[in-house]
Amino acid sequence: MLKPDEAQALCRGPVDVLVVGAGVAGLAAAHELLKQGRSVRVVEARERVGGRLYTRRDCGDIPIEMGAELIHGTDAVTWTLVHQQRLATAHMSGGQDLTRHADTVVDAVCPDRVAQCPPQPGENAAAYLSRIGVSRADIRHGVYALELDLEPLSRCSALDLVASEVLSDALDPCEEEDYRVIGGYDQILQPLLEGVPLVLETVVHGIAYAEHGVRLSVSSADTGLYTLDAKQCIVTLPLGVLQGDSVDFTPALPADYRQAIEGLGVCDVAKIIYIFDEPVLGKETAYLLDYDATPPYFWNGSLGYEQARQEVVVAWVVGDKARQLLAMPEDERFEVGLETLRRMSGKAHLEPVQRILHHWSDDPYARGAYSFIPPGAEEAAHRLSVPVEGVLHFAGEATSSDHPASIHGALESGRRAAHAALVLLGV
């Protein structure tokens, strides 16, 4: 990894591609470019790589995931990196749903209703479900489950949820298969880092682009303001950062790109991590769930660590409940979560030895967790996947049409942007 002063010395001449951001998308893009023999630099504002994939190992004998934590499904492209390094994983199956009336049977005709009665343009998912006669109260295992990871359905596009088959899947009682990487999720970054020139602790303030190339205005504490030049640029800034206008594009981005950026939404997510010196969920229980509670979802962060002395329990809360929790005083946030865990576990006297709250909302280099698609923004990700003026590319989970809000979506988007840049470079 290059220090800012070293980067300034090495980057006075243009490189083929500059990559803004050393998260999964940025590293994937750089890796693909290097494989094709192209010169590349990755500029990252933080002192570390990974972006919203952030593993800590200073909190006990089990690595703690502050951001992304789960591999969703068995066919995610993320598995190629897991298998490449022969990493162990834990299957997060086997939990308890404690929601009142949680045993309600899913109406078998609901998926058919979705297929036969399509959403209308601009219709949100809550209004659409109401219109086709799907009751939230009767679909605890399906519709409510969507809001465990998304904003309220009243803010989400019905067209998107139907087109992506997310809504049909939610009305199917099958449990999604999730996995955790034993030893830390950040291990998947290692193959992507090989040979990548990284410029850390360097903030991008401006991106000037034209047909002949791109110039970044950047700064660091050590070197002050300077510029970096390239033939192409891949921007992997999180959606919240792009919406916040902290990076100045010259000329201003075309109106349809700006509309796409503003049209997408950013989820608020909070994680409370409790570390105990006693068993709470044990070795057999992957999660506890109560849609009506705050937080509604706790999972076992110790599965796969049979020899660990401690047990990690992660509280997960999204959307309105996350905002309500984050509005409380710090001690109250922890206590609300702990009281919920005590009730759901049936262990009234639980006391953690350590507790950690993490969210991305106030982080200047994230400004929110991950994207969601409001009504009217169904084509936004596709719009952002098209190069600007043949030199500027956007990547990151928010630009993934197939797998937004996921690590595998970010990974795919970085590779897509790299291939587009290679074509334009003449490969």
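A hairpin of 2 residues links strand E10 to strand E11; strands (E, at least two residues) and helices (H or I, at least four) are DSSP runs, numbered from the N terminus. Strand E10 covers residues 203-210 and strand E11 residues 213-220, and the two run antiparallel, joined by 7 bridges. Two strands count as paired if DSSP finds at least two bridges between them. Within this pair, Val204 stands opposite Val218 of E11. E10 is also joined to strand E13 (residues 248-250), this time in parallel, through 3 bridges. Here Gly206 faces Asp248 in E13.

The model is predicted, so local features need pLDDT of at least 70 and side-chain atom pairs count only at pLDDT 80 or more, while totals for chains, interfaces and linings use all residues. Residues are numbered from 1 along each chain as its sequence is written, and side-chain values use heavy atoms, with hydrogens and water left out.

Glu201 lies in the loop between E9 and E10, and its phi is near 55°, a positive value in a residue other than glycine. Glu201 is partly exposed, with a relative accessible area of 48%; buried means under 20% relative accessible area, exposed over 50%, and partly exposed in between (1.4 Å probe, protein chains only). Arg367, in the loop between E19 and strand E20 (371-372), likewise is not a glycine and has a positive phi of about 55°. At 34% relative accessibility, Arg367 counts as partly exposed.

Another sheet can be traced strand by strand. It is open, has 6 strands in the order E7-E16-E17-E18-E15-E19, and its pairing is mixed. At its edges stand strand E7 (95-97) and strand E19 (354-359), each with a single partner strand, so one side of each has no neighbour in the sheet. From one strand to the next, the twist averages 15°. Inside the sheet, strand E16 (residues 287-289) and strand E17 (residues 297-300) pair in the antiparallel sense over 3 bridges, with Tyr287 opposite Trp299 in E17. The loop between E16 and E17 holds Pro295, and the peptide bond from Thr294 to Pro295 is cis, with omega near -5°. A cis bond also leads from Thr250 to Pro251, again with omega near -5°; Pro251 sits in the loop between E13 and helix H11 (255-263).

Helix H13 (residues 330-345) lies across strand E15 (269-276), E16, E17, strand E18 (311-318) and E19, and runs at about 65° to E15. Axes are lines fitted to C-alpha atoms, for helices over the stretch in contact, and angles run from 0 to 180 degrees between N-to-C directions. Contact means heavy atoms within 4.5 Å.

Helix H2 (residues 24-35) has 12 residues and spans 17 Å from its first C-alpha to its last, close to the 16 Å expected at 1.5 Å a residue; the expected span is 1.5 Å times one less than the number of residues. Because 10 of the 12 residues of H2 are buried, the helix is largely enclosed by the rest of the structure. Among the buried residues are Val24, Leu27, His31 and Glu32. Their cover includes strand E1 (15-20), strand E12 (224-235) and helix H15 (407-425). Just after H2, Gly37 takes a positive phi of about 80°.
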